[in-house]
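I opened a new entry for this model today. My plan was to look up a few things and write down what I found.

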Amino acid sequence: MTIKKKILSLGIALMPWLGTFAGSGLEVVKWGGDSDTGDVNVGKLPPVDVTPGNGKFTVAYGDKVKTAQVEILESGRVVYTDVENSPRNISVTYRLRNATPGSTYLVRVKADGVVRAVEEVSVDEQ
């Protein structure tokens, strides 16, 4: 394989990843991640639960979730991705900043490689 073909192949492979940095000025602030409870017998959380609010959302993971990925989509394209390693029994809150007022984003949460939750998050004001 020639060097030109290697560079072309690398460029094609990186295009979707580089596209996440272009276009949107969306900023995402994340906080949380502490265990809701140390006793998994207290009550079962759903595998993944997304609770939206104005410009923010909270993701709660159940005790059996081993890995998770949160994606925020704008007009069908991923503008933010976050990975949680070992998210058992935690809640993580995300806040969308620098978003256009009146816009709606789609949040997609994958748990152990399977889409477990999809929710719309609206941004009414900044």
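In what order do the elements of the protein run from the N terminus on? I read the order as α-β-β-β-β-β-β-β-β. That is one helix and eight strands. I noted at once that this is a predicted model.

**Entry: confidence**

I looked up pLDDT next. The protein averages 78, and 69% of the residues score at least 70. Where is confidence lowest, and where is it highest? Helix 1, residues 3–19, has the lowest mean, at 53. Strand 4, residues 67–74, has the highest, at 94.

Over residues 16–23, the model has five contacts beyond four places in sequence. Over residues 35–44, the model has ten such contacts.

**Entry: the whole chain**

I checked how much is buried. Buried residues make up 28% of the 126 residues. The protein exposes about 7,900 Å², and carbon and sulfur atoms supply 53% of that area. Then I looked at contacts between residues at least 6 apart in sequence. Of these, 61% join residues at least 24 apart.

**Entry: strand 7 and its partners**

Which strands pair with strand 7? I found strand 4, which pairs with strand 7 in the antiparallel sense over six bridges. I also found strand 8, residues 114–123, antiparallel to strand 7 over nine bridges. I followed Leu106 in strand 7. Leu106 is the bridge partner of Leu73. In strand 8, the bridge partner of Leu106 is Glu120.

I then compared the faces of strand 7, residues 103–111. The covered face has Ser103, Tyr105, Val107, Val109 and Ala111. The uncovered face has Thr104, Leu106, Arg108 and Lys110.

Strand 7 and strand 8 form a hairpin with two residues between them. Asp112 sits in the turn, with a positive phi of about 55°.

**Entry: positive phi in a loop**

Most residues other than glycine have a negative phi. Ser86 has a phi near 60°. Asn89 has a phi near 55°. Ser86 lies in the loop between strand 5 (77–85) and strand 6 (90–97). Asn89 is found in the loop between strand 5 and strand 6 as well.

Is Asn89 buried or exposed? Asn89 counts as buried, because its relative accessibility is 7% and the cut-off is under 20%.

Definitions and conventions
Residues numbered from 1 in each chain as written. Predicted model: local features only at pLDDT ≥ 70, side-chain atom pairs only at ≥ 80, totals over all residues. Heavy atoms only, no water. Helix = DSSP H or I, 4+ residues; strand = E, 2+ residues; numbered from the N terminus. Buried < 20%, exposed > 50% of the residue type's maximum accessible area, 1.4 Å probe, protein only. Contact = heavy atoms within 4.5 Å. Areas by Shrake-Rupley, 256 points an atom, 1.4 Å probe, with all protein chains shown as cover. pLDDT = per-residue confidence, 0-100. Pairing = 2+ DSSP bridges.
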